[in-house]
Amino acid sequence: GTINAVRARRPARLPTVLTREEVHLVLDAMSGPQQLVVQLLYGCGLRLMEGLRLRVKDGDFGLNQMVIREAKGMKERVTMLPELLRGSLQKQLLRTHLLHEKDLARGYGRVVLPYALARKYPGADQEWGWQYVFPATRLYQERETGIVRRHHLHESGVQKALRVAAQIAGIAKPIHCHTFRHSFATHLLEN
């Protein structure tokens, strides 16, 4: 029989890779949770949505690793958590915990659960472990159910903060969130 092979398309342009100095210039021009998200993209090689979808239970400080659950192709993978980011991540979790406690006290504190977990574990959507590491600033009401939930930070906020930081850092290269994942891989290979 004949093989109907599809040739893989080469990307129109190679992804931008930053030098280590450029990475630090951009990160230093950022602050708050957006900075930590981009630090995780670079330090762990995450995609933007993987970073934003991180749940509290995905981090393991004992083993210095993170589980990426809703990765591409719905596969799970484990990545190392750089020692440098431990403190910042623990501070972020503390802020998130305070926000979650406040939400619970007001009768909220729910998140969307992956897959069919909501049916399997009623009430899990209010558990601390399932909360997003990077919660959105505002609550929203689900149209279908009327349930009030808190989503994760929106990707556009991180993208905007990154654009501003690249301008402040004076870097002319086209920089996107994915640039940090590529730079992570390149710098890893150089080591």
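Which residues of helix 1 (residues 20-28) are buried? Keep that question in mind as you turn the model, which is a predicted one.

1. The buried residues here are Glu 22, Val 23, Val 26 and Leu 27. Look down the axis of helix 1 and you will find these buried residues within an arc of 130°, so they line one face of the helix.

2. **What helix 1 packs against.** The buried residues of helix 1 pack against helix 2, helix 6 (155-169) and helix 7. The next points take up how helix 2 meets two of these partners.

3. **Helix 2 with helix 7.** Helix 2 spans residues 32-44 and helix 7 spans residues 177-190. They pack at an angle of about 30°, and their axes are 7 Å apart. The cut-off for calling two helices roughly parallel is an angle under 35 degrees, and helix 2 and helix 7 are therefore roughly parallel to each other. Their crossing is right-handed.

4. **Who touches whom in that pair.** From helix 2 come Val 38, Leu 41, Tyr 42, Gly 43 and Cys 44, and they meet Cys 177, Phe 180, Arg 181, Ser 183, Phe 184 and His 187 of helix 7. Sorted by class, this contact has seven nonpolar, three polar and one charged residues.

5. **A look at Ser 183.** You can find Ser 183 in helix 7. Is Ser 183 buried or exposed? Its relative accessible area is 0%, and buried means under 20%, so Ser 183 is buried. Setting aside neighbours within four places in sequence, Ser 183 is in contact with Thr 16, Val 17, Leu 18, Val 23 and Tyr 42.

6. **Helix 2 with helix 6.** At what angle do helix 2 and helix 6 pack? The angle is about 85°, with the axes 9 Å apart. That makes helix 2 roughly perpendicular to helix 6. In this contact, Gln 34, Val 37 and Val 38 of helix 2 meet Gly 157, Val 158, Ala 161 and Leu 162 of helix 6. By class, there are five nonpolar, two polar and no charged residues.

Definitions and conventions. Residues numbered from 1 in each chain as written. Predicted model: local features only at pLDDT ≥ 70, side-chain atom pairs only at ≥ 80, totals over all residues. Heavy atoms only, no water. Axes fitted to C-alpha atoms, helices over the stretch in contact; angles between N-to-C directions. Helix = DSSP H or I, 4+ residues; strand = E, 2+ residues; numbered from the N terminus. Parallel < 35°, antiparallel > 145°, perpendicular 65-115°, else oblique. Left-handed = near helix turned anticlockwise from the far one by under 90°. Contact = heavy atoms within 4.5 Å. Nonpolar A, V, L, I, M, F, W, Y, C, P; charged D, E, K, R; others polar. Buried < 20%, exposed > 50% of the residue type's maximum accessible area, 1.4 Å probe, protein only. Arc of directions from axis to C-beta.
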